[in-house]
Amino acid sequence: MATNLHAKESFMSACSDRRTGGHFAGTCATRRQVLFSSGVLFAWSCLPKLARAEGRDPRLLVMVLRGALDGLAAVAPVGDSEWVRLRGDKALGLTRGPQGAPAALPLDGFFALNPAMPNLHRMYRAGHATIVHAVASPYRERSHFDGQDVLESGLTRPGSVESGWLNRALASLEPAGAVNPKAREGFAVGPVTPLVVRGAAPVMSWTPPRLPPPTDDMVMRLLDLYRHTDPALARVLEERMNLAAIARAGGMDQPEKPAQPPQPGAPQLPGAAQRKYFADSAGAAASFLARPDGPRIGALSFDGWDTHADEGAANGRLANLLGALDGALAAVETNMGPAWRDTVVAVITEFGRTARINGTEGTDHGTATIALLAGGAVKGGRVIADWPGLRDADLYQQRDLKPTTDLRAVLKGVLRDHVRVDDKVLARAVFPDSADVKAMGGLVG
Amino acid sequence: MENDRQHDAALALHRFGFGPRGDAIAKISVDPRGALLAELDRPNIARIDDPALLGSAEAAGAAFDFRQERKAQRLAQRANQANQAMAPSESNAAAAPNPEKPRNPGPGLPQQLYLAEAKARFDRALAADIGFVERLVWFWSNHFCVSADKVRPIAGAFEREAIRPHVLGRFADMLLAVESHPAMLHYLDNARSIGPDSIAGRNRNKGLNENLAREILELHTLGVRTGYSQADVTNFAKVITGWSIVPPRQPEHGGEFTFNPRMHEPGAETVAGHDYADTGFEQGKAVLLDLARHPATAQHIATKLARHFVADEPPPRLVDALRSTFIASDGNLEQVARVLVSAPEAWETQRTKLKRPGEWIVAATRATGVTAPDAKPIIGTLNMLGEPLWRPPAPKGFDDVNAAWLDGLAQRLDIANQFGRRVTQPVDPKELVETVLGPLASPETRQAVSRAETRPQAIALLLMSAEFQRR
């Protein structure tokens with residue numbers, strides 16, 4: 001109890017500036033050991049009582065990848081004869097690709113993992129990671145904003161942003177301990193709270209002591225905009241952001257030239273900053289989830305997955321992002337310590353991308369993608385897929401990987417079997433109007 | 001026609017105001033110029049009469065008392081520690097856990113005053129319908145800048161007392177209010193300038209400080225290289241010896257302006273070709289009045305105003321119009337402001353000026369509806385972007401040309417990136433482009449915003465777009 005209060009006080013003092021509404025640009029005081037990301041942990045009052053009665057102490061961390069992850073580039077169907085036809089020299093394979101692209105990491109003979117994710121591969125082989133492929137939320141259009149609304153609200157249609165499915169799931173749990181109502185007042189629902197955890201259940205949130213770096217993608221978009229609208233600003237941005245360095249780190253020019261080590265005093269490469277940011281954020285969340293008296297459920301979001309141009313699946317931008325995600329998963333594993341065996345990390349994204357490469361070496365908004373589950377509580381070492389195939393006629397609207405698994409089935413399975421949320425509650429409150437979407441069994445345990 | 005009016009409405013808000021808030025573009029599109037002029041007709045629109053804000057004399061006194069108190073506490077603490085060190089060891093163990101680490105007492109009074117003044121200032125800018133008059137306040141406050149690093153407790157009061165009442169009044173009145181304000185007299189050292197032949201000068205063998213006199217000529221009125229000489233500076237400095245401050249510790253009038261005849265250099269002086277008999281305080285007022293009416297001053301002010309609102313190299317016709325109005329109206333700043341927003345050049349010129357950091361962050365806040373309980377977030381942002389509030393690097397104030405602010409673009413991206421994440425209302429970025437930029441938005445910007453991968457990214461791109469950055 002005493003340590004618990006201490007933890008709350010840390011959050012309160014760190015976030016006191018934000019209690020009346022919040023603002024921008026590092027309004028939180030710095031408490032490095034606690035506060036690294038814009039993310040949320042649920043209050044300890046929502047400890048899952050039923051699971052505890054079984055002698056377990058489950059942890060669940062949800063990572064939302066905003067921008068739409070190319071599931072085919074993350075987990076490639078190397079055993080599908082159509083795969084290389086679709087992606088050509090951008091298709092990941094089990095042998096080294098053109099320009100020294102590293103080989104993908106074999107999973108089950110049909111699927112292979114992006115080579116930027118050795119930690120996930122290790123977890124998979126240890127039976128602690130599962131990939132669900134050809135999965136999608138009920139959303140079938142291709143707007144990021146709406147797609148994220150559906151993904152995080154848990155509703156079937158966009159537009160509702162009052163509460164998220166994770167919050168409603170937690171609100172339904174019977175509190176496991178006595179709650180001091182006064183102490184609860186201290187929890188600020190931060191303005192950076194991802195929609196997936198917004199709602200009635202009390203949450204604590206935190207913001208980084210330093211600004212998260214703009215993603216390479218953000219810089220490239222802005223630069224592209226300036227090039228078309230304001231050459232003077234484009235010039236300045238190019239100089240200031242040291243774009244040559246970004247391009248090198250992202251493999252966007254002269255891939256044959258070995259990357260230069262950063263000069264002393266040179267600005268940190270955004271790629272490296274992003275990697276550190278992912279790992280710091282996820283690691284900080286895990287440190288709290290690991291505490292015996294800490295929160296049990298949390299959520300984070302990572303941006304930058306909208307790879308329209310120069311996707312770089314094997315050794316470019318997407319590889320960097322997946323590498324950063326891999327580092328985040330490893331940081332969770334490390335900081336969880338022994339609690340890793342009670343942990344599920346669920347990685348989800350709003351939709352997938354086109355099956356084919358577009359005219360700018362990237363992929364456009366698509367439909368089905370992957371969901372990742374990692375953690376000691378995962379019954380892993382499997383790729384779960386009702387594989388739709390990649391022939392033109394197999395594709396959704398002849399362009400996207402066709403969804404064959406409802407993402408809600410996966411999430412319901414985790415919530416029911418790991419956290420012990422009741423089936424009826426899942427169908428009614430957590431994912432409304434989803435009675436016909438059965439929870440996927442056997443994901444944990 | 002309707003399109004033109006929409007365009008002018010958006011331009012009015014971005015060039016002359018703090019950017020749209022809510023449906024401001026639609027609201028003023030019936031008559032954008034008329035809406036700007038209407039702000040000038042609102043009585044006392046520039047004033048901030050908040051009884052909770054201390055006047056400069058009161059603030060200076062309170063800050064003095066505060067420093068005395070802190071000093072006494074420190075002395076007491078030190079004595080206490082010395083006693084404990086000498087006391088027997090068992091009483092040491094029973095002492096408070098961390099006697100050497102006193103509790104952080106929080107921001108001191110000067111900082112509290114600074115924060116309260118900052119909040120009042122930003123609240124005004126955030127709430128303004130258009131903000132043209134407020135932009136004029138910011139312009140003049142930078143023209144006649146002081147630095148909070150030197151006068152923290154009264155930097156905000158200075159703006160309220162010396163700038164705001166005259167921003168639509170006469171330039172000569174503002175000039176006199178500024179140069180006789182304790183903040184300016186302290187900032188540019190005139191409070192300690194003593195005429196060598198004055199009573200105080202003969203007694204104490206102290207002398208002249210030319211700082212304020214030089215900056216009045218170079219920065220506040222005539223402008224640099226307009227023909228005045230070192231002799232003009234020295235003579236003017238002598239004229240304004242005795243313009244000083246009642247010591248804040250004095251219970252009566254402490255912290256107020258005073259003319260101290262004992263410090264005033266006796267005798268007539270010649271400044272910029274005019275002779276001024278020694279009439280004490282009136283001698284300095286007479287010089288200021290002539291400087292205010294000098295054609296070089298009119299040229300200087302006209303150029304700076306046009307440069308601030310319109311272009312680094314302002315259209316000569318616009319500068320001419322402002323200059324001749326300034327002269328013809330005897331420095332009537334309301335009339336000058338009217339000419340500024342009525343001149344065709346003020347509307348036809350391309351939007352090439354980068355908004356200054358403060359202007360940009362206020363516009364971003366208005367556009368997105370993000371709120372804060374106090375001024376700290378904006379102050380922190382301005383520190384990052386190189387325009388710390390009331391803390392210019394030199395008496396010249398913050399630069400007003402693009403080159404000075406372009407370098408901060410990368411930092412603006414950091415801020416915009418963070419800002420986008422703070423917007424919690426379910427805004428539709430495409431609609432936001434309409435209400436914030438309207439007809440000013442290029443097809444490329446519309447597309448970039450609508451294709452952004454997240455709402456926060458869409459908002460960041462909007463705030464970073466050239467159309468939003470430039471006025």
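Q: What makes residues of chain B and chain A count as being in contact?
A: Contact means heavy atoms within 4.5 Å. By that rule, 46 residues of chain B are in contact with 48 residues of chain A.

Q: What kind of model is this, and how are things numbered?
A: This is a predicted model, where local features need pLDDT of at least 70 and side-chain atom pairs count only at pLDDT 80 or more, while totals for chains, interfaces and linings use all residues. Residues are numbered from 1 along each chain as its sequence is written, chains are lettered from A and ligands numbered from 1 in the order in which they are written, and side-chain values use heavy atoms, leaving out hydrogens and water.

Q: How do you know what area chain B and chain A bury between them?
A: Take the accessible area (1.4 Å probe) that two parts lose on being put together, summed over both. Here that comes to about 4,000 Å², with 63% of it on carbon and sulfur atoms. On chain B's side, B:Arg421, B:Arg422 and B:Glu453 supply 20% of the area buried against chain A, more than any other three residues.

Q: Why is B:Ala85 called exposed?
A: Buried means under 20% relative accessible area, exposed over 50%, and partly exposed in between (1.4 Å probe, protein chains only). B:Ala85 has 64%, so it's exposed. You'll find B:Ala85 in helix α4 (residues 56-86) of chain B; helices are DSSP runs of H or I, at least four residues, numbered from the N terminus.

Q: What makes helix α6 of chain A mostly covered?
A: Nine of its ten residues (144-153) are buried. Among them are A:His144, A:Phe145 and A:Asp149.

Q: What makes a set of residues a nonpolar core?
A: You need buried Ala, Val, Leu, Ile, Met, Phe, Trp, Tyr and Cys residues joined through side-chain atoms within 4.5 Å. The largest one here has 147 residues, and B:Phe122, B:Phe132, B:Trp140, B:Phe144 and B:Phe236 touch the most other members. Apart from it lies another core, of 47 residues, including A:Leu69 and A:Leu120.

Methods
Helix = DSSP H or I, 4+ residues; strand = E, 2+ residues; numbered from the N terminus.
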